[in-house]
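Let's take a friendly walk through this protein together. Keep the sequence and the 3D view side by side as you read.

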Amino acid sequence: MSAAAHGHTPAAWTGVTIAFIGFTVSGVAMIIPSIPLFWAGLVVVVAAGVVGKAMAMAGMGKQPSPNFAPAPTEERTPVTA
């Protein structure tokens, strides 16, 4: 297990579950030759990414660490030779 709880969020679990269902549908479509079912499974896989990202943006993903401090931004002067 990761110390930072990488991926243990509702957004991650939902995205992975939907993607697993899509891969399963596409796999079954390859066993029973069905091109439309295969593409439907791939559409579900793409939808999993969209749903996972939307849930993460809605606040159900990994929150920023309180120990993280972004690097200070300072004005840089151009070097002339």
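Helix α2 has 26 residues, and from its first C-alpha to its last it reaches 35 Å. That is close to the 38 Å expected at 1.5 Å a residue, where the expected span is 1.5 Å times one less than the number of residues. Helices here are DSSP runs (H or I, at least four residues), strands are runs of E with at least two, and both are numbered from the N terminus. The protein holds two helices and zero strands.

A word on the origin of all this: the model is predicted, so local features need pLDDT of at least 70 and side-chain atom pairs count only at pLDDT 80 or more, while totals for chains, interfaces and linings use all residues. Residues are numbered from 1 along each chain as its sequence is written, and side-chain values use heavy atoms, with hydrogens and water left out.

Now look at what is hidden. A residue is buried under 20% relative accessible area, exposed over 50%, and partly exposed in between (1.4 Å probe, protein chains only). Of the 81 residues, 16% count as buried. In α2, the buried residues are Gly41, Val45, Ala48, Gly52 and Met55, and what covers the buried residues of this helix includes α1. Also in α2 is Ala47, which counts as partly exposed at 34% relative accessibility. Ala47 and Ile18 are 29 residues apart in sequence, yet their C-alpha atoms are 7.9 Å apart in space.

Move over to helix α1, residues 10-31, where you will find Ser26. Is Ser26 buried or exposed? With a relative accessible area of 3%, Ser26 is buried. Leaving aside residues up to four places away in sequence, Ser26 touches Phe38, Gly41 and Leu42; a contact means heavy atoms within 4.5 Å.

The structure holds one aromatic pair. Its rings belong to Phe38 and Trp39, with centres 5.4 Å apart and planes at 80°, so the pair is edge-to-face. Rings of Phe, Tyr and Trp (its six-membered ring) pair if their centres lie within 6.5 Å; planes under 30 degrees apart count as stacked, over 60 as edge-to-face and the rest as tilted.

Ile32 counts as partly exposed, because its relative accessibility is 45%.
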